[in-house]
Amino acid sequence: MYKYDKAKMVDDLKQMRLDSGMSQKALGQKIGLSRETIVAIENKYPGAIATLEMDTVKLWFRACKGKADPSILLRFKNGLIAFFGV
């Protein structure tokens, strides 16, 4: 069974941001986080990942999905389903 954890979710979120061409600062402004928080999440600082909320993940996904690689989007969606056991 595929194990999808927060670290893999962060990898996908970061790739979506990169695919969308957004800087960390631009993404932060769009979803209401500081650039420093985006950096901390993408660098997988334990505190930042531990406090990563689903609302933030949804906003991040929505901000980047228009230009993100479809295979990353599919992996992300399937990973969330696996993560929550739905």
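Predicted model: local features only at pLDDT ≥ 70, side-chain atom pairs only at ≥ 80, totals over all residues.
Residues are numbered from 1 along each chain as its sequence is written, and side-chain values use heavy atoms, with hydrogens and water left out.

Four salt bridges turn up in a search of the whole structure, a salt bridge being a side-chain nitrogen of Lys or Arg within 4 Å of a carboxyl oxygen of Asp or Glu. One of them pairs Asp11 with Lys44 at 2.6 Å, N to O. Asp11 sits in helix 1 (residues 6-20) and Lys44 in the loop between helix 3 (35-42) and helix 4 (46-50), so this pair ties together parts 33 residues apart in sequence. Helices here are DSSP runs (H or I, at least four residues), numbered from the N terminus. Both ends are partly exposed, Asp11 at 39% relative accessible area and Lys44 at 32%; the cut-offs are under 20% for buried and over 50% for exposed, with partly exposed in between (1.4 Å probe, protein chains only).

Arg17 and Glu42 also meet in a salt bridge, at 2.5 Å, N to O.

As for the surface, Lys58, Arg62, Lys65 and Lys77 form a positive patch (residues with over 30% relative accessible area and no salt bridge, like charges joined within 9 Å). Lys65 lies in the loop between helix 5 (54-64) and helix 6 (70-84).

Methods. Patch = residues over 30% accessible without salt bridge, like charges linked within 9 Å, V, L, I, M, F, W, Y side chains within 5 Å. Areas by Shrake-Rupley, 256 points an atom, 1.4 Å probe, with all protein chains shown as cover. Lys, Arg positive; Asp, Glu negative; His and termini not counted. Charge placed at Lys NZ, Arg CZ, Asp CG, Glu CD. Helix = DSSP H or I, 4+ residues; strand = E, 2+ residues; numbered from the N terminus.
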